[in-house]
Amino acid sequence: MILTNPLSVSEIGTIWQTYQEKTLIMRFLEYFIEKSDEQESRNILGGLWQELNFYVKEMEELFSDQGMVKPEGFTSADVNLEAPKLYDNGFDIMFLRVLKEVSMGLYTLNMNMTYNKKVLSIYEGLTTVTQKIYKLSTFYLLEKGILSLPPKVTMPKNIEYIQSKKYKDGFRLTGDKRALNNLEIGILHHNMEANNIGMQLITGFAQCAQNKEAKKYFLKGKELAKKQIKMMEEILLEGDVQFSATSGATVTTSTVPPFSDKLMMHCIYILNGFSLVGSGTGAFFSLRNDIAMKSMILAKDIYFYAQEGIKIKIKNGWFEEPPQMEDRPGLIRE
C-alpha cells in the first residue's frame, strides 16, 4: 500500500505525544466520574470523556492507516475505580481546568509542526473541545466559590511610557522597589493557583504511591510547590497586593492508589514541562529584574526535578519510548 499522505516526522512525534496525554486524562476522568457526587461536575467530566474517546479513536484509525504501531498509552490497568476518594471539594474540576491549560498550549505547539489535513483536523477539534471545557470548568468553580479571582486594581486612565531603566530595578539595598505592574501580578497569581493545585495533586500521589522511589519523588515535588507558592506570596505581600485565599480543595486520608505509579509519574512529567514554560514566560514578561531572576531560579529547580523523574520512569520501565529515526550508522555496521 502506497500512502499518498504519509505523516512527517514532526507529525508522528506530536500525535504520539497527544495519544499519551489523552489516554492519561481519560483514566483520570473515569475515576473522577465514578467518585463524583455532584451531577453538574459529572456532566462536565463525562462530556469531556466522550469527546476525548472520539479523538482517541480518530488517532488509532490514523495509526492504522499509516501502518504505525498504536502506542500503549494508559489503559484500564492504570486506574482503580474501586479505590476510595483521594480528593474532594471540587478538586476534580480544579485539576481538569489545569489539564485544559496544558492542552491548549500543547495544541498550539503541535499545530505549528503539522501539515497533514487529518492531523490538523484532530488538533482543531481538540482545541475547540478544550476551550469549551475550560470555560465550563471556570464558570462552575466560580459559581461554587472554589476558584479565587485575581486581585482587583484601579483601572488605568492614561497611556504611559517607561522613562527610565530603573523601571527594571528590583534588587535595591535602599529605597522602595517600584510597584508591581498588572501583568506581573497576574502571572504571580496564576502561578500560585497552579502550584496550589499541583501541591494538592502530588500530596495525594505521595499518600498512595506503591513504589518507594516514586513516593519520595512526590514528597520532594510537594516541597518544591510549597517553595514556589511561598516566594510568590512574599513578592505580592511586599508589594502591598491584596490577594484572596488560594483556591481550595481537599486531599482525603485515603492511601489506596486509584492510579498506577506509572500514570502518576507521567502526569507529573507533563506538569513539569508546563511549569517550565510558565516559569520562562514569567521571567521574560516580568520587567522587574528581581522577579525575573527568582522565576529563573525556580525554573532551574523544576528542570532538575523533572530530570530526576525521567530517570525514575526509565529505571522502572514506565517510560514508553517515542518513535525513533532510523539508526543509519547502526544499520550500516550490520
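Colleague: Which element supplies the largest share of the lining of the second largest pocket?

Modeller: In this predicted model, that share, 3 residues, comes from α1. Besides α1, at least two lining residues each come from β1 (87-88) and α3. The lining holds 16 residues, and Lys 85, Asp 88, Asn 89, Gly 90 and Asp 92 are those nearest the centre of the pocket. Its volume is about 210 Å³.

Colleague: Why is Asp 261 called buried?

Modeller: The cut-off for buried is under 20% relative accessible area. Asp 261 has a relative accessibility of 10%, so this residue counts as buried. Asp 261 is found in helix α7, and, leaving aside neighbours within four places in sequence, is in contact with Ala 209, Gln 210, Asn 211 and Trp 318.

Colleague: What separation is found between the C-alpha atoms of Asp 261 and Gln 242?

Modeller: These C-alpha atoms are 39 Å apart, while the two residues are 19 residues apart along the chain.

Colleague: How do you know that the span of α2 is close to the one expected?

Modeller: The expected span is 1.5 Å times one less than the number of residues. With 28 residues in α2, the expected value is 40 Å, and the helix reaches 40 Å from its first C-alpha to its last.

Colleague: What makes the pair Glu 38 and Glu 40 a polar contact at the start of α2?

Modeller: The limit for such a pair of N or O atoms is 3.5 Å. A side-chain oxygen of Glu 38 comes to within 3.2 Å of the backbone nitrogen of Glu 40, so the pair meets that limit. Just after α2, Gly 67 takes a positive phi of about 70°.

Colleague: Which residues have the most contacts inside the largest nonpolar core?

Modeller: They are Phe 28, Phe 95, Leu 201, Phe 205, Phe 218 and Ile 268, in a core of 70 residues. At least two core residues come from each of α1, α2, α3, α4, α5, α6, α7 and α8. Not counting residues up to four places away in sequence, Ile 268 touches Leu 201, Ile 202, Phe 205, Tyr 217, Phe 218 and Tyr 305. A second, separate core has 11 residues, among them Met 192, Met 232, Val 241 and Leu 298.

Colleague: How many cavities of 30 Å³ or more are counted?

Modeller: The count comes to 2. The second largest cavity contains about 30 Å³ of space. Met 94, Arg 97, Val 98, Glu 101, Glu 193, Ala 194 and Ile 197 line this cavity. Two or more of these lining residues come from each of α3 and α5, and α3 gives the most, with 4 residues.

How values were computed: Residues are numbered from 1 along each chain as its sequence is written. This is a predicted model: local features need pLDDT of at least 70, side-chain atom pairs count only at pLDDT 80 or more; totals for chains, interfaces and linings use all residues. Side-chain values use heavy atoms; hydrogens and water are left out. A nonpolar core is a set of buried Ala, Val, Leu, Ile, Met, Phe, Trp, Tyr and Cys residues joined through side-chain atoms within 4.5 Å. Buried means under 20% relative accessible area, exposed over 50%, partly exposed in between (1.4 Å probe, protein chains only). Contact means heavy atoms within 4.5 Å. A polar contact is a pair of N or O atoms within 3.5 Å; within protein, one must be able to donate a hydrogen and the other to accept it, and residues adjacent in sequence count only if both atoms are side-chain atoms. On a 1 Å grid over the protein atoms alone, a cavity is a set of points where a 1.4 Å probe fits but cannot get out, and a pocket is an open set with protein on both sides within 12 Å along at least five of seven lines; lining residues have an atom within 4 Å of a point. Grid points are joined across faces, edges and corners, and a volume is the space filled by probe spheres set on the points.
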